[in-house]
Amino acid sequence: MFIASSLHRYIACLVVILLLSISASAQQDDPTCVTDEWPEASPRTIQKSAYPFCSFTENYINSGCLTTYIRVNIHFFVDSDCSGTIAAAATSNQLEQQLAFQRADQYIATTNDFLANMSENPQWNQAEWGAPVTPGQCVMLRLVLNDVYIHCETRNRIVLDGNDNSAYYSQYFGEAFNIFISDVSGGWNGFALGRGSTTLVNENFSAQLLIHELGHGLDLRHSFGGTAQSNDGCSDTPLISWTYDQNGDGSIDTTGNRCWNLSNVVNGVDLCQPNGTTVVNPHPCCEQRYQNNNMMTYASYASDPNVSAFTPCQMGKMLDNLLNDKCDLIDEINPGCPPASAHIGLLPIVDFSEDCKFSFYFQASTNEVEYRVTYEVQQPNGSFTTFRQTDWLDGQAGQDRVAVGSNEHDKFANIVLLSNTTYNVIIETRNLCGDTDLFARQFTTGSCDLRPDGGGPFNPIEPGSVVVYPNPTINGTSLSYATNAEADIKIYLTTTSGNGNSVQTLLKQADSGNKEAGTYTVYFPAHELGEGLNYISIHADDNVLVRRVQKNN
């Protein structure tokens, strides 16, 4: 642990060493966290009676190994002008912005797989270091994605480098752990903003790194260092330490309290193979008894889900902290299936009042096996009616490409909306058990030119004036529209015949023909509408606008 001058507070930290082998001297000189000086995060105030899982106990969850889902938000940073790639360390972690939502979903999925695989792994070398021998611990904690944010702030792309990040870390982003993805300077890969904090910062998408920092967020210390077996508050984590006399002269060359792995090659010399001259004694880390597979230490084994472990004491401490200080962050306990979570992502540069093309990204929805997308339009009386709804679609949700104001956008878009109109976009998701979740965004489109390239024919119809109401309807419906110039108007109603074929019918001539600039309304009685989906198209000279209307029984 260290003090970051920009944050003016202590943080818990983790260094993930990327080398497959590490020298004994490097083991000694690795950056460490002064765990005995870690401050605890300020206690959170929770009205526990408002949250159903606050009444659960650590013993009840632990003894039954009840899978417990915790809500998390993922935060990304781009440049202050909202341009550039997602900020994270190393080229392999850089992302185009539109990929952030899918990557967040994948990150949570891989982390949950890691947590599931490490369950029941026993802690190594307890008896060798005077710790009580305990059985493999069930790891019941899982994560569920709550929301994804992309912030436009250049200074927060790299943290702990003279930048003041507290403006973001202190904001309220709902009842969830907040994971900030940034390039962390100073040799650190990640940290928790104080032991017991709900703010975690990582610079890559390592599942092990996230779980380690989550451990700090749930009040765990590192499982090495200190002077007593209970330095981390858990007697079942082995307190490993060693000294090394490399050349056999009786003096201690290096000391340490952890080993990266069993391999120790320095400048081509294998410290595990004494040669009688430069290496008289094998390095202690060449022995299995000095290895540690605990998640809260610095060792290669912690990154292997097949051996990495939490001890019973550590799991008890995490559950106690979760239930007593963070029970409002629990999404589900012991559900039949991983909980469904719906999400609609939007790039931060999008301005609905100005942009005529944009996308809604649904990929941060998690654990869905089916999804359905609905668009609602606001009617003149302020109510919303559905004008587009998909069937329940199998698989993972993708994205909708939206254009506003013109069919000339159709090559880009699968959704075309009116200018200066308020909409709701809604995604519903189902998990394997049929449980659902819903996420909605409301937005108002701007005035989009019908000729975005400056060319093309003039359209005398004001797109924002074209409204079908009521929609859906069980009786008739009215089409209202306005023209800003004289035009030849033809109005068609497309229904579906009994055999499923489309039938286009030209309305009576009184409703079509040459129209002066003005506002018009056409009524469609119930008997002219086909059951289900109908299309009304307005042809104004060489321009066409289409609206849908749903006829229900």
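pLDDT is the predictor's confidence in each residue, on a scale from 0 to 100. For this chain the mean pLDDT is 82, and 83% of the residues reach 70 or more. This is a predicted model, in which local features need pLDDT of at least 70, side-chain atom pairs count only at pLDDT 80 or more, and totals for chains, interfaces and linings use all residues. Residues are numbered from 1 along each chain as its sequence is written, and side-chain values use heavy atoms, with hydrogens and water left out.

Let's begin with the parts to read with care. Over residues 1-38 the pLDDT stays under 50, and the model gives this stretch 123 contacts beyond four places in sequence; a contact means heavy atoms within 4.5 Å. Residues 450-457 also have pLDDT below 50, with 14 contacts beyond near neighbours in sequence.

Now for the interior. A nonpolar core is a set of buried Ala, Val, Leu, Ile, Met, Phe, Trp, Tyr and Cys residues joined through side-chain atoms within 4.5 Å. Here, buried means under 20% relative accessible area, exposed means over 50%, and partly exposed lies in between (1.4 Å probe, protein chains only). The largest such core has 81 residues, and I74, F76, F310, F360 and I427 have the most contacts inside it. Helix α3, residues 100-118, gives the most to this core, with eight residues. Helices (H or I, at least four residues) and strands (E, at least two) are DSSP runs, numbered from the N terminus. Beyond four places in sequence, F360 touches residues including I344, F352, Y375, V425 and F443. A separate core has 17 residues, among them I461, V466, V522 and F524.

T429 sits in strand β21, residues 422-430. T429 counts as buried because its relative accessibility is 0%. Among its contacts beyond four places in sequence are A340, S365, Y371, W392 and D435.

With a relative accessible area of 43%, P282 is partly exposed. Leaving aside neighbours within four places, P282 is in contact with Y244, L271, C272 and P274. Y244 is 38 residues away along the chain, yet the two C-alpha atoms are separated by 8.4 Å.

Finally, look at the surface, where L533, Y535, V544 and V546 form a nonpolar patch with about 270 Å² of accessible area together. Strands β29 (532-540) and β30 (543-551) each supply at least two of the patch residues. V546 belongs to β30, and V546 counts as partly exposed because its relative accessibility is 39%. Patches are made of residues with over 30% relative accessible area and no salt bridge, with like charges joined within 9 Å and nonpolar side chains (Val, Leu, Ile, Met, Phe, Trp, Tyr) within 5 Å. A salt bridge is a side-chain nitrogen of Lys or Arg within 4 Å of a carboxyl oxygen of Asp or Glu. Accessible areas come from the Shrake-Rupley method with a 1.4 Å probe, and for residues only the protein chains shown count as cover.
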